[in-house]
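Please have the sequence and the structure open while reading.

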Amino acid sequence: EVARASSGVMEWRPQDVEELAAALPREDMALRRAALLLHTALAIRLWSNARSAEADAQIGIGRAVLGKDSPPDLHRDWLLGLGYRHLTAATPAKALPFFEECARLFPDAADAWLGAGMCHELIAFPDGFAAAELPAQDAVSKAERCYREAARLDPRLAEARLRLGRVLGRTGTLDEAEKELAAAVETSAEGPQTALAHVFWGGVRDARGDLAGAVSHYQAALAADHGSETAAFARGACPRVERGIDVM
């Protein structure tokens, strides 16, 4: 019923709906959760249709639904969900405020720091490969700080370790990059994450001039995730190596 309910909501003035949302019974969490779902779904639909102002109005209504006494996990997960939705849409500048708000309200939420770091990293390296230009250096340092905090809060959060290693490798801090990537390999329980950590680690070895070491990590990446196109591309891009290692 979300589609039908959304069309009905759009006939009301956002200010009126926000007042009604704030007046929802505090003890009726089922009703408040349903209202939050409705207005969040409507905001996402509006964002997808480039109607940002109207979407932001629905987010304001969502905040009124939450009020000051909402369960902490509901508020935290709502902010994280909105942040990751914008990251999925490749709009890190729009995602960042949600992650930063989540980290401010819930400073122990490692996922909030991880998300903020991902936003800063995408801003610093928009094409995923090029070195950061001077105006983006601030974003690089912020990404590094956020990943460090996420890893501190949850040392088993492999994605924070591998992304920190990736950023450190790109900025030439190679010793620490290898340390973090090794930790990511050790803590990762998923094949794709392990593969990415090995790919980034191989890039660090390549930057050190150790082509054989790089190849070994690319091969380890493929062993961890046989379907990894990133690992296959990295290995295939290497020339033949001495001592009989054929990577083509």
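Is Arg 152 buried or exposed? Arg 152 is exposed, its relative accessible area being 53%; buried means under 20% relative accessible area, exposed over 50%, and partly exposed in between (1.4 Å probe, protein chains only).

The model is predicted, so local features need pLDDT of at least 70 and side-chain atom pairs count only at pLDDT 80 or more, while totals for chains, interfaces and linings use all residues. Residues are numbered from 1 along each chain as its sequence is written, and side-chain values use heavy atoms, with hydrogens and water left out.

- Helices are DSSP runs (H or I, at least four residues), numbered from the N terminus.
- The crossing of helix 8 past helix 9 is left-handed, meaning that the near helix is turned anticlockwise from the far one by less than a right angle.
- On the helix 8 side, the contact residues are Val 140, Glu 144, Tyr 147, Arg 148, Ala 150 and Ala 151. They meet Ala 160, Arg 161, Arg 163, Leu 164, Val 167 and Leu 168 of helix 9, where contact means heavy atoms within 4.5 Å.
- By class, this contact has eight nonpolar, no polar and four charged residues. Ala, Val, Leu, Ile, Met, Phe, Trp, Tyr, Cys and Pro count as nonpolar, Asp, Glu, Lys and Arg as charged, and the others, Gly among them, as polar.

**Salt bridges within a helix**

- The count comes to 19 salt bridges, each a side-chain nitrogen of Lys or Arg within 4 Å of a carboxyl oxygen of Asp or Glu.
- Arg 152 pairs with Glu 149 at 2.7 Å, N to O. The two are three residues apart in helix 8, about one helical turn.
- Glu 159 pairs with Arg 163, with the closest N and O atoms 3.0 Å apart. They are four residues apart in helix 9, also about one helical turn.
- Glu 159 is partly exposed at 22%, whereas Arg 163 is buried at 18%.
- Glu 121, Glu 159, Arg 163, Arg 166 and Arg 170 are linked in a salt-bridge network.

- Arg 26 and Asp 69 form a salt bridge at 3.8 Å, N to O.
- Arg 26 lies in the loop between helix 2 (14-22) and helix 3 (29-48), and Asp 69 in the loop between helix 4 (52-66) and helix 5 (72-88), so the pair ties together parts 43 residues apart in sequence.
- Arg 26 is exposed at 59% relative accessibility, and Asp 69 is partly exposed at 34%.
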